Each structure stands twice: as structure tokens, then as C-alpha cells.
Amino acid sequence: RYGVLPPGAYAVLEVCDTGSGMDEETQARLFEPFFTTKRAGTGLGLATVRQATLLAGGHVLVESAPGSGSRFAIHIPLAGEAAPDRPPS
């Protein structure tokens, strides 16, 4: 479920998996520091990715559904482009 990006030119890094996917409740908490669905882990990875992306003026968009894996798309404004407004979520 992708959000809406402000107009502009972006470099995009997209990471996909074929795992179990995430329900809406999990996606709502995805970027919270220390939130994890794993037994081992700190839950800092996605919170760190999101914060670094926001500091660069970018956006992280997520698409996932139970049984369908997940897709993360990191959009960073190209050099010389004005940084767009912060993402809606």
C-alpha cells in the first residue's frame, strides 16, 4: 500500500521479500523504535532506516499483506532537487 509522494526526482532503493507479509496492525507500528515481531532482535533497524531517510528529505513507502511478502521503497531526492515535504505517515 503505497502512499503519495510529492512531485520531484528521486533515487529509489526497493527491497522485496517473499515472507509472510504484515497485517495492518503490524504495519501501523513498523517504524516504532524497539518494535519487533521476532524473538531475537532489537527492533531498531526500520526505525533507523526511516529516520535516516527523513533526514535526507526522503520517504519510505511500504506495501505488504499477510501471505504476500513485503516491499519497501526508499525515495531520496536527487542532488540539486528541493527536498519535498515530509511523508504523510
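Student: What share of the 89 residues in the protein chain is buried?
Tutor: Buried residues make up 30% of them. Keep in mind that this is a predicted model.

Student: OK. How many helices and strands does the chain have?
Tutor: Two helices and three strands. Along the sequence the pattern reads β-α-α-β-β.

Student: And the contacts? What fraction of those with a separation of 6 or more links residues 24 or more positions apart?
Tutor: That fraction is 64%.

Student: Let's take the strands. Which way do β2 and β3 run relative to each other, parallel or antiparallel?
Tutor: Antiparallel, with six bridges joining β2 to β3.

Student: What sits between the two strands?
Tutor: Five residues, and the whole unit is a hairpin. G67 lies in the turn and has a positive phi of about 80°.

Student: Is β2 mostly covered or mostly open?
Tutor: Mostly covered. Strand β2 spans residues 59–64, and five of its six residues are buried.

Student: Where is F34?
Tutor: In the loop between α1 and α2. F34 counts as exposed because its relative accessible area is 61%, and the cut-off for exposed is over 50%.

Student: Now the core. Which residues make up the largest nonpolar one?
Tutor: Seven in all: M22, L30, F31, V60, V62, F72 and I74. β2 and β3 each supply at least two residues of this core. In soluble globular proteins, nonpolar side chains tend to be buried together.

Student: Pick M22. What does M22 contact, leaving aside neighbours within four places in sequence?
Tutor: Q27, L30, V62, S64, A65, P66, S70 and F72. Of the core members, L30, V62 and F72 are on that list.

Student: Switching to pockets. How much space lies in the largest one?
Tutor: About 430 Å³. The lining has 20 residues, with M22, L30, T37, K38 and L46 nearest the centre of the pocket.

Student: Which elements give two or more residues to that lining?
Tutor: α2, residues 45–55, and β3, residues 70–77. α2 gives the most, with three residues.

Student: Why does T37 count as exposed?
Tutor: Because its relative accessible area is 55%, and exposed means over 50%.

Student: Last one, H75. Which strand holds H75?
Tutor: Strand β3. H75 counts as buried because its relative accessibility is 10%, and the cut-off is under 20%.

Note on methods: Residues numbered from 1 in each chain as written. Predicted model: local features only at pLDDT ≥ 70, side-chain atom pairs only at ≥ 80, totals over all residues. Heavy atoms only, no water. 1 Å grid on protein atoms, 1.4 Å probe; cavity = no way out; pocket = protein on both sides within 12 Å on 5 of 7 lines; lining within 4 Å. Points joined across faces, edges and corners; volume = space filled by probe spheres on them. Helix = DSSP H or I, 4+ residues; strand = E, 2+ residues; numbered from the N terminus. Buried < 20%, exposed > 50% of the residue type's maximum accessible area, 1.4 Å probe, protein only. Pairing = 2+ DSSP bridges. Core = buried A, V, L, I, M, F, W, Y, C linked by side-chain atoms within 4.5 Å. Contact = heavy atoms within 4.5 Å.
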